[in-house]
Structure formats: structure tokens, C-alpha cells
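Trainee: I would like to learn how to read a protein model. Can we go through it feature by feature?

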Amino acid sequence: MKRSLSGLLVALAFTACKQEAPGKLEPIPRPPGATAPEPEEAAPVPAAPAVPKDAVVLRWKLVQDAPVSFRLNLALDRNAAVPESAPAPKAAKADKKKGAKAAPAGEAPKAAARAPVPTEYMYVLVLDKSGERQLRVTPNAGVGEDATFSDRGFIIDGLQGPARNLATLVLELPRDPVRPGETWSLGTELTTPDALGTLFRRAPGGERHNRVKLVSVTPGDNGEQVATLEYDIVEQFGGTLSPPRPTLPKKDKGAKQMAPENAAIEVPNELDDTPAPAAQPEGTELGATVKVTGKGEFLVKAGQWRSWEGTLSTSLNGPAQPAVNLPVGTYQARVSPVGAPQAPAAPQAPAEPTATPPAP
């Protein structure tokens with residue numbers, strides 16, 4: 001009896017161990033004749049657009065821990081025409097007619113102090129560890145600025161005004177593959193008439209064209225390709241800057257004059273108290289013309305400039321200085337690649353003196 005009970009307990013123990021965990025899902029058997037589902041295919045990776053045989057793709061090619069540096073020099077052309085200055089204010093002419101005291105001889109009128117125009121910019125292009133392209137622009141006059149840009153040199157973030165326009169001229173490349181003879185435009189903003197305010201009325205017409213042309217692609221040394229680019233950019237506008245309207249003093253309606261007892265009370269005519277409108281002075285005519293011409297040689301495989309030269313010209317008519325984003329005058333611009341700084345050579349130890357044998 002005891003042996004049968006112990007055997008029953010052992011059998012129950014083995015049965016408990018073989019029981020599956022509650023809640024387990026059993027697979028549903030596939031009905032006979034059904035086919036197995038096909039495995040899901042991965043989404044196809046879009047292939048890069050094919051580049052035509054006679055076209056080239058111009059891109060800045062950077063490598064981590066290997067920055068690319070170049071220098072932009074601006075030399076003022078003193079033989080070029082001097083930009084027109086603002087006309088003398090009419091108020092000053094009126095004072096002169098009235099016999100106002102003139103300024104002492106040799107004393108120039110005081111002008112607002114302007115920051116010196118940088119004549120040199122250093123550009124350092126870096127590919128950081130996250131894969132972003134960083135740009136550091138350091139002028140020889142002023143404070144350096146940082147920016148980010150794409151592989152074709154488009155400024156994504158950072159830089160304003162003249163600094164951004166100069167960087168666009170020497171960095172930005174075409175978005176699509178280009179063939180010799182094809183043109184494209186740059187993202188420059190050389191003039192901003194809106195900066196003159198709401199009193200400025202722009203005259204119809206003007207001129208604006210923005211064109212860069214791939215002239216040719218020629219073979220270079222060690223299998224390199226040299227793409228020659230020509231720049232032709234003009235922005236010109238004109239208009240009239242109206243003077244601000246003078247404000248009339250408000251009449252004090254609370255003040256009343258006491259009239260004598262027997263004096264006749266005269267009802268004032270409100271129309272007579274209205275002052276006659278003063279003649280408005282004429283507006284000031286002003287305008288600006290900004291031109292950029294240049295030529296560059298870009299190394300296709302190396303992804304950087306071999307040379308870049310151009311002329312930047314800005315002329316003003318009247319006080320249009322706030323509406324231009326390049327320095328006033330005519331400048332000759334030149335880009336020069338800057339190689340990696342070389343480590344200084346280790347000083348050589350002086351040679352040990354040798355004993356001179358005595359003369360016989």
C-alpha cells in the first residue's frame with residue numbers, strides 16, 4: 001500500500017512539472033493548401049541621380065581633423081571713380097543765405113564715425129565629429145563670426161550683412177550638376193532698400209541680375225579637373241527719401257481771456273485759427289549701384305579653390321549707405337589658399353669641436 005502511494009505521488013510530481021505556464025498562446029495551424037506569406041522587403045534606398053557625362057558636381061570636400069583654410073584680400077582701387085556723396089542739406093543752404101556764421105577754414109563737417117573696412121578675411125572650413133560643416137570667419141578689423149554651411153557652400157546659419165555676402169561669393173557652388181555654358185544664381189543680398197525706412201519711395205526700374213557661369217572644365221595635374229567660373233552680379237536702385245512731417249503744437253483750450261464789461265464779444269472763426277499748411281520741403285534723391293565681377297578656378301576632385309579673383313564696386317547717390325551690404329568703393333578681391341601650418345624645425349645641436357693636431 002505504501003509503495004503504491006509513493007508511486008502515485010511521484011507520478012503527480014512529474015505531471016506538474018510538464019504543465020505549461022498559464023496564458024501561453026498556441027499557434028493557429030495553417031489550413032491545408034495555404035501558402036506561407038512572403039517576407040517583407042526592405043524599403044529600397046533611393047539611388048543618387050545620375051550625373052550627365054559632360055557635367056560636373058562642384059562640392060566642398062572636407063575631412064575630419066583636416067580643416068581647409070583660405071584668405072580673402074580686399075585692396076582699395078584708388079584710381080577708380082570716387083562714389084558720390086550726399087548732397088548738402090537745404091537747411092544749411094538757407095542759413096548761408098541769411099548770413100549764418102560759416103565754419104572756420106580748414107574745418108571739415110563732423111561725420112558719424114564708421115568702423116574701419118576689413119581688408120582681409122580668413123576662412124576656416126571644418127568638418128566636425130557629428131558630420132556638420134562649420135565655418136569660422138575672422139576679419140583683420142572686427143570680431144570673428146561662426147556659421148554652418150552645406151556641402152555646396154550655402155550658408156545655413158550665422159553671418160549677416162557684408163560678411164554673409166562675401167562668404168556667399170567665395171563659398172556658394174551650384175546645387176545641381178552643371179555643364180559648360182550653364183548658369184546659376186547666388187543667394188546674395190547686396191542692396192536692401194527697405195533699410196531706408198517707410199519714407200523712402202523707390203523709383204520704378206532699376207537693374208538686378210545675378211549670374212554665375214561655368215565656362216569650361218579642363219584637365220589638371222594628377223587627374224584633377226579644373227572648373228572655371230565667371231561671376232556677373234549687379235544690383236541697382238533709386239528713389240526719393242521724403243523728410244519727416246513737422247508736428248504742430250497743440251492749442252491750450254483751457255486758457256480763456258477775460259473781456260472788458262462793455263466790450264463786444266466777438267465769436268472767433270475756427271477756420272481763421274487753422275494755420276496755413278507749410279510748404280513741404282522736397283525729398284532727397286538717392287540710390288546705389290553694386291557690381292561684382294570675377295573669375296575662379298575650382299578643383300573638382302580636391303573640392304576647393306585653386307584661385308579666385310574679382311572686383312567689388314559700390315557707388316552711392318545721396319545718403320543710401322544703410323541700404324548696401326558691401327563696402328563703398330571699388331575693391332580688387334583675391335582668394336589665396338592657406339596650407340596647414342608647418343611645425344617648426346627642431347634646433348640642431350652644434351657640432352662638437354675636434355682636436356687640432358699640433359703642427360709638425
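Predicted model: local features only at pLDDT ≥ 70, side-chain atom pairs only at ≥ 80, totals over all residues.

Trainee: In which sense do strands S3 and S4 pair?

Mentor: First the terms. Strands (E, at least two residues) and helices (H or I, at least four) are DSSP runs, numbered from the N terminus. Two strands pair if DSSP finds at least two bridges between them. Here S3 (residues 133-139) and S4 (residues 145-149) pair in the antiparallel sense, over five bridges. Gln-134 stands opposite Thr-148 in S4.

Trainee: What is the bridge partner of Thr-148 in S5?

Mentor: That partner is Asp-157. S4 and S5 (residues 155-157) pair in the antiparallel sense over two bridges.

Trainee: Which residue takes a positive phi in each hairpin?

Mentor: In the hairpin of S3 and S4, Gly-142 does, near 125°. In the hairpin of S4 and S5, Gly-153 does, near 90°. Each of these hairpins has five residues between its strands.

Trainee: What does the side chain of Glu-172 reach?

Mentor: A polar contact is a pair of N or O atoms within 3.5 Å; within protein, one must be able to donate a hydrogen and the other to accept it, and residues adjacent in sequence count only if both atoms are side-chain atoms. The side chain of Glu-172 reaches the backbone nitrogen of Gly-187 at 3.2 Å. Plain contact means heavy atoms within 4.5 Å. Leaving aside neighbours within four places in sequence, Glu-172 is in contact with residues including Gly-153, Phe-154 and Ala-167.

Trainee: Why is H3 largely enclosed by the rest of the structure?

Mentor: Because eight of the 11 residues of H3 are buried. Among them are Leu-166, Leu-169 and Val-170.

Trainee: Which residues have the most contacts inside the largest nonpolar core?

Mentor: In soluble globular proteins, nonpolar side chains tend to be buried together. A nonpolar core is a set of buried Ala, Val, Leu, Ile, Met, Phe, Trp, Tyr and Cys residues joined through side-chain atoms within 4.5 Å. The largest one has 55 residues, and those with the most contacts inside it are Tyr-123, Leu-125 and Leu-135. The largest share of this core, six residues, comes from H3. Leaving aside neighbours within four places in sequence, Leu-125 is in contact with several residues, including Trp-60, Phe-70 and Leu-171.

Trainee: How many salt bridges does the structure hold?

Mentor: A salt bridge is a side-chain nitrogen of Lys or Arg within 4 Å of a carboxyl oxygen of Asp or Glu. The structure holds 11. In one of them, the side chains of Asp-146 and Arg-136 meet at 2.8 Å, N to O. Asp-146 lies in S4 and Arg-136 in S3, so the pair ties together parts that are 10 residues apart in sequence. Arg-136 is partly exposed, at 35%.

Trainee: Which residues are linked in a network of salt bridges?

Mentor: Asp-54, Arg-179 and Glu-182 are.

Trainee: Last, the rings. How many aromatic pairs are there?

Mentor: A pair of aromatic rings is described by the distance of the centres and the angle of the planes. Rings of Phe, Tyr and Trp (its six-membered ring) pair if their centres lie within 6.5 Å; planes under 30 degrees apart count as stacked, over 60 as edge-to-face and the rest as tilted. The structure holds seven such pairs. Trp-60 and Phe-298 form an edge-to-face pair, 5.5 Å centre to centre, with 85° between the planes. The pair links distant parts of the chain, 238 residues apart. Phe-298 is buried, at 0%. Phe-298 also forms an edge-to-face pair with Trp-305, at 5.2 Å and 90°.

Definitions and conventions:
Residues numbered from 1 in each chain as written. Heavy atoms only, no water. Buried < 20%, exposed > 50% of the residue type's maximum accessible area, 1.4 Å probe, protein only.
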